[in-house]
Amino acid sequence: MEWNESYNIGIDVIDNQHRQILDYINRLEQIRICGQRDKIKEVLDDLIDYTQSHFSFEENLLEQVRYQYLPSHRGIHELFVKRLNDYRHKFDQGESVENDLYRLLSKWLINHIQHDDQDYVDAVRDNMLHYLRAQEQKKGKSWFSRFFN
Ligand SMILES: [Fe+2]
């Protein structure tokens, strides 16, 4: 899978994380045919852990800008994390899940980026300016401003 310009949502910090997930998906794609379960497990763990921390990052960001649809966005993430962990569990039980997981992730991620994530871009942009101005007045560095200055 190659990164396509249309996958960019225009928020650099998020785009870079999405690219990183795509890299992990590609690593899984390469390693799944090798048949070495310890190697597959390593990639699987990295991929799932990274995806989870990306979701937390994104939710934190959306919380800072008071994104009104955060609860449903969070719900989508939670459901997906549950599916990922079900796969991890099945793998640990000795099943071969890498092909299904690869298919699911490659479809799900792109769809999520282009629809669900795209929906919050305006809210983040609008609130970002407002927020940064308020932070400047307080002369403090915030978690949020680290990514937008
Ligand atoms: Fe998301």
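## Basis of the model

This is a predicted model, in which local features need pLDDT of at least 70, side-chain atom pairs count only at pLDDT 80 or more, and totals for chains, interfaces and linings use all residues. Residues are numbered from 1 along each chain as its sequence is written, and side-chain values use heavy atoms, with hydrogens and water left out.

## Overall architecture

The protein has five helices and zero strands, and its pattern along the sequence is α-α-α-α-α. Helices (H or I, at least four residues) and strands (E, at least two) are DSSP runs, numbered from the N terminus. The C-alpha trace spans about 55 × 30 × 25 Å along its principal axes.

Of the 149 residues, 45% count as buried. Buried means under 20% relative accessible area, exposed means over 50%, and partly exposed lies in between, with a 1.4 Å probe and protein chains only. Among contacts with a separation of 6 or more, 67% come from residues 24 or more positions apart; a contact means heavy atoms within 4.5 Å.

## Helix 1

Helix 1 (residues 12-31) has 20 residues, and the distance from its first C-alpha to its last is 29 Å, close to the 28 Å expected at 1.5 Å a residue. The expected span is 1.5 Å times one less than the number of residues.

## From helix 2 to helix 3

Helix 2 and helix 3 pack at an angle of about 170 degrees, with their axes 11 Å apart. That makes helix 2 roughly antiparallel to helix 3. Axes are lines fitted to C-alpha atoms, for helices over the stretch in contact, and angles run from 0 to 180 degrees between N-to-C directions. Angles under 35 degrees count as roughly parallel, over 145 as roughly antiparallel, 65 to 115 as roughly perpendicular and the rest as oblique. In the loop between the two helices lies arginine 66, whose phi is near 50 degrees, a positive value in a residue other than glycine. Arginine 66 is exposed, with a relative accessible area of 73%.

Glutamate 59 is placed in helix 2 and is buried, with a relative accessible area of 13%. Not counting residues up to four places away in sequence, glutamate 59 touches Leu70, Arg74 and His77. The C-alpha atoms of glutamate 59 and histidine 73 are separated by 8.1 Å, the two residues being 14 apart along the chain.

## Helix 3 and its packing

Helix 3 (residues 70-92) has 23 residues that should span 33 Å at 1.5 Å a residue, and its end C-alpha atoms are 32 Å apart, which agrees. Its buried residues are Leu70, His73, His77, Phe80, Val81, Leu84, Tyr87, Arg88 and Phe91. These residues pack against helix 2 (37-64) and helix 4 (98-117). Just after helix 3, glycine 94 takes a positive phi of about 105 degrees.

Helix 3 and helix 4 pack at an angle of about 170 degrees, with their axes 12 Å apart. That makes helix 3 roughly antiparallel to helix 4. Residues that meet across this contact include Phe80, Leu84 and Tyr87 in helix 3 and Leu101, Leu105 and Trp108 in helix 4.

## The iron site

The iron ion is coordinated by Glu58 (OE), His73 (NE2), His77 (NE2), His112 (NE2) and Asp117 (OD), at 2.1 to 2.5 Å. Donors are N, O and S atoms within 2.8 Å of the metal (3.2 Å for Na, K and Ca); water is not among the atoms, so sites may look incomplete. The donor residues follow the sequence spacing E-x14-H-x3-H-x34-H-x4-D.

Histidine 73 and histidine 77 are four residues apart in helix 3 and are therefore separated by about one helical turn. Histidine 73 counts as buried because its relative accessibility is 3%, and histidine 77 counts as buried at 1%.
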